[in-house]
Amino acid sequence: MYRGGYIGKVLRVNLTDKTFEEEALPVEVAQDFIGGSGFTVKYLMDEVPADCDPLGPENKLIFAPGPFTGTTIPCASRMAINAKSPATGAMGVATTGGHFPVEMKRAGYDVIIIEGRAEQPTYLWIKNGEVKFRSAKEIWGLPSTDTQLVIKDELHDQNVRISCIGPAGEKLSRMACIVNERRVAGRKGLGAVMGSKNLKAVALRGDQQIQIADKEKYDAARKRMRDGMRESPVLYPEFSRYGTSTTLDVTQAMGIYPANNWTGTGVFTPAEKIGGYAIESRGQGKTACAGCPVGCSQYRLAQDAPYTGLFTEGPEYETLYSFGGVVGVDNPDAIIAADRISDELGLDTMSAGVTIAFAMELFERGILTLEDTGGLDLHFGNHEAMITLLNMIGERQGLGDILADGTKVAAEKIGKGSEKYAMHIKGLELPAYDVRGAKAHGLSLATAFTGADHNKGYAFQEIFGIPIPYPVDRFAIEGKGELTKWNQDARTALADSPTMCVFLMDMAVAGFMFQNTADLMEATTGLTYTTEEVHQVGERINNVARVFNVLAGFTRADDDLPERLKTEPIPDGPSKGQLISQADLDFMLDEYYEVRGWTSEGVPTRNKLEELRLGYLADQLGLQ
Amino acid sequence: MKVKVRSVGFIKMLLGDAEVDVEISEDSTVTDLLAKLEEEKGEKFSPFAVRPTEKSAHAPLRVMVNGRDIAALEGRHTVLAEGDDVLMFLPIAGG
């Protein structure tokens, strides 16, 4: 049925009944949603009630790589995982790379849907069309690296690839992530969804070959992409040496590196200690995802006591913020330690760090006392306290139990006006860009279907000065609605669905990114798209997600920013004085909803949905 | 007139310091400033002083004047003033 790229198979696993079955991947779904994020959004919309309990048995966990994954197209070992998010209650798409995505295609599937709830701790072993439900009783409680090692030994196969949770997911932390090798589908609490299903891990292995529809077109398109990679002034020279760590030097130089729970942007400027060029001294080689010639993942080794000897893949830029600037820490070894500990516990570094920053501000203000913290001195900058608290969060001990579900829930439990200091949108903590100094980036956080997610509509024009589709002024509010739609649709269609590493989108094929995807899709799968139709795939996916969220109860009021960003200007530095007032936000939202073809309350219209072949969703919304 | 050139990473290495004061004539543009730096720092700086080509999507150098990307101003034709803060670095894009 498929000429290439796709296997054409969906695997459905029921944990309650311990059954599994295969079904065909419909061609219309492939054409309209491409793969990856698109598939997971489509299947979640169609199969999971938007008002279900995210930690209940009705929620489903959906894994999907893309048609490029497992071919020789570079940098395509990526996949999306989706479920209704316990952190936000909205769609919860997270993506990850490494090796598991390719192995999932080799195991023979475009999509894996996991349903129900296992009675006992379980892990899945998927190989050659067979699914085994194995006891995870002995590995329940293990950190993520050891979980993977033990499973490989137990299965007598060191080449198995595994996605698993750590103690944080088992204990249903809404900040729990899913770990594969040393990479993570970090955010939205997907680890808790796995934990709620008593599912410790998914292990798979296979030798399915991926076909290519048109070899000649494929070679030409692939060559053009490889040429773009080679000609980039930064991809191999800088990015393969530093990964995302030097972004810290950039955002600090622009005055948008957030610090001290977003009170100290431009004031606390630690790039000389923890920027990418500074921590190069901790470098111990590098690694790559499957099929990637760039290899941007740096290994780093902590040098100074008490962190000596702790080794991690990372820290990436977001973690250099969440355990760095936002908590007032400028000790690179503490950040390395926190990165590794988070991975082992199975916690999202971003939400964990920002939640610790929240606790620190409360402590500095006297809202939390030494009695509340169990004697921990939670001043900004106290990295030892940060590490202790991180471990407590992962195991839900003491104050860690209150903080384990993120800032929104912690603020509700603590009260005393603490919600003013909770830096989240829809329940997901803010990423590493002080968006008061980058308005479209702020609008994308406010409107992303997953909450404050920097990966759903990254405004690379504002942050990196890339003039595609046009140059922009990061301080202006005009035109940002249109730009945000463009960024959201492009990111979803070009990176998260085929799949492809987004760093190539920004740094290697920026000048022809839509054509690149259209050409590779035709060559690999035989499915054809104009560049407009590729845009439309991104638009379609964002609309499906919006409908789900509307049905889950989200309104315009939830497309918001934390109070601090609307009322307190950036205190110092090159972006001093910037903020996004409520009037600014309303201006940008009005423009955004209009270009999206939604009502002024942010609800997709029947016209727009039918234009996207989603008329059935207009029926579900009860639209005229 | 004098402008302050700030840089990080590779560009900082080429220029010798994170902050360098550069003397240029009145009404100089960013292009003029880059030519002056090429003159002072030599051949190693030349690749960054060139104009963006058709092939590469963006210039090999990212420049901000007083916190604003030159892409949002007049590009390399942006006119500089006494005391301007000019930030330069490689156009990495990740994180």
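**Figure 1. Chain A as a whole.** Among contacts in chain A between residues at least 6 apart in sequence, what percentage join residues at least 24 apart? The share is 69%, where two residues are in contact if their C-beta atoms, placed from the backbone, lie within 7 Å. Please keep in mind that this is a predicted model, in which local features need pLDDT of at least 70 and side-chain atom pairs count only at pLDDT 80 or more, while totals for chains, interfaces and linings use all residues. Residues are numbered from 1 along each chain as its sequence is written, and chains are lettered from A and ligands numbered from 1 in the order in which they are written. Chain A holds 26 helices and 17 strands; helices (H or I, at least four residues) and strands (E, at least two) are DSSP runs, numbered from the N terminus. The radius of gyration of chain A is 23 Å, close to the 25 Å that the globule rule gives for 624 residues, so chain A is as compact as a globular protein of that length. This radius is taken over C-alpha atoms, and the rule is 2.2 Å times the number of residues to the power 0.38. Along the principal axes, the C-alpha atoms of chain A fill a box of roughly 65 × 55 × 50 Å. Of the 624 residues in chain A, 64% are buried. A residue is buried if 20 or more other C-beta atoms lie within 10 Å of its own, exposed if 12 or fewer, and partly exposed in between, with C-beta atoms placed from the backbone.

**Figure 2. Domains 2 and 3 of chain A.** The domain assignment, which is automatic or from a database, gives domain 1 (9-205), domain 2 (250-423) and domain 3 (435-621) in chain A. Taken over C-alpha atoms, the centres of domain 2 and domain 3 of chain A are separated by 27 Å. Where these two meet, 12 residues of domain 2 of chain A are in contact with 14 residues of domain 3 of chain A. The domain 2 side of this contact divides into seven nonpolar, four polar and one charged. Here Ala, Val, Leu, Ile, Met, Phe, Trp, Tyr, Cys and Pro count as nonpolar, Asp, Glu, Lys and Arg as charged, and the others, Gly among them, as polar.

**Figure 3. Helices α2 and α22 of chain A.** The axes of α2 (residues 36-47) and α22 (residues 531-551) of chain A come within 10 Å and cross at roughly 30 degrees. Axes are lines fitted to C-alpha atoms, for helices over the stretch in contact, and angles run from 0 to 180 degrees between N-to-C directions. The crossing of α2(A) and α22(A) is left-handed, meaning that the near helix is turned anticlockwise from the far one by less than a right angle. Among the residues making the contact are A:V41 and A:L44 of α2(A) and A:I541 and A:F548 of α22(A). The contact residues comprise nine nonpolar, two polar and one charged.

**Figure 4. Chain A meets chain B.** Here 35 residues of chain A are in contact with 24 residues of chain B. On the chain A side, α9(A) gives the most, with five residues. That side divides into 20 nonpolar, seven polar and eight charged residues. Of the 95 residues of chain B, 38% count as buried.

**Figure 5. The loop around A:G328.** A:G328 lies in the loop between α11 and α12 (332-345) of chain A. With 23 other C-beta atoms within 10 Å, A:G328 is buried. Leaving aside neighbours within four places in sequence, A:G328 is in contact with A:A259, A:N260, A:F268, A:F380 and A:G381.

Figure 6. Most residues other than glycine have a negative phi, and most peptide bonds are trans. A cis peptide bond joins A:A305 and A:P306, with omega about 0 degrees, and another cis bond joins A:I468 and A:P469. A:W262 has a positive phi of about 75 degrees and counts as buried, with 24 C-beta neighbours inside 10 Å. A:R396, with phi near 55 degrees, counts as partly exposed, with 18 C-beta neighbours inside 10 Å.
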